[in-house]
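Me: I've just opened this one and I'm new to it. Could you walk me through how the labels get decided?

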Amino acid sequence: MAVSNSSSAMRTRARTRSLGWAAVGLTVGGLLALWAGRAAATLLFGLQPHDQATLLAGMAVLTVVTLAASYVPARGYVLRVLQKQRGPW
């Protein structure tokens, strides 16, 4: 990382990278959930196999969890990079 990068830009980059992986996982997981919904249709009581509200709510929760889980490591990563560039405080 260059010294000119601000800490907020590095945190944003780390969060963006995490959200990219989350998007891949949500896409693959969503497709698998649609496929598995057919197989589990007899086990679902009160829900349709392809209930859009349930699928979207699950994806929203996973996205929020991804953002929360990426915040602390991104902050620690930025601090380590800045320490290496500027030396010990």
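This is a predicted model: local features need pLDDT of at least 70, side-chain atom pairs count only at pLDDT 80 or more; totals for chains, interfaces and linings use all residues.

Me: Why is Ala 36 called partly exposed?

Reply: Its relative accessible area is 32%. Buried means under 20% and exposed means over 50%, so a value in between counts as partly exposed. Ala 36 sits in helix H1, and its C-alpha is 8.4 Å from that of Pro 49, 13 residues away in sequence.

Me: What makes Trp 21, Val 24, Val 28, Leu 32 and Trp 35 a nonpolar patch?

Reply: Patch members need over 30% relative accessible area and no salt bridge, and nonpolar side chains are joined within 5 Å. Trp 21, Val 24, Val 28, Leu 32 and Trp 35 form such a patch on the surface, with about 640 Å² of accessible area together. One of them, Leu 32, lies in helix H1, which covers residues 7–39.

Me: How many helices and strands does the protein have?

Reply: Two helices and zero strands.

Me: And how much of the protein is buried?

Reply: Buried residues are 13% of the 89; the cut-off for that label is under 20% relative accessible area. The accessible surface comes to about 6600 Å², with 68% of it belonging to carbon and sulfur atoms.

Technical notes: Residues are numbered from 1 along each chain as its sequence is written. Side-chain values use heavy atoms; hydrogens and water are left out. Patches are made of residues with over 30% relative accessible area and no salt bridge: like charges are joined within 9 Å, nonpolar side chains (Val, Leu, Ile, Met, Phe, Trp, Tyr) within 5 Å. Accessible areas come from the Shrake-Rupley method with a 1.4 Å probe; for residues, only the protein chains shown count as cover. A salt bridge is a side-chain nitrogen of Lys or Arg within 4 Å of a carboxyl oxygen of Asp or Glu. Helices (H or I, at least four residues) and strands (E, at least two) are DSSP runs, numbered from the N terminus. Buried means under 20% relative accessible area, exposed over 50%, partly exposed in between (1.4 Å probe, protein chains only).
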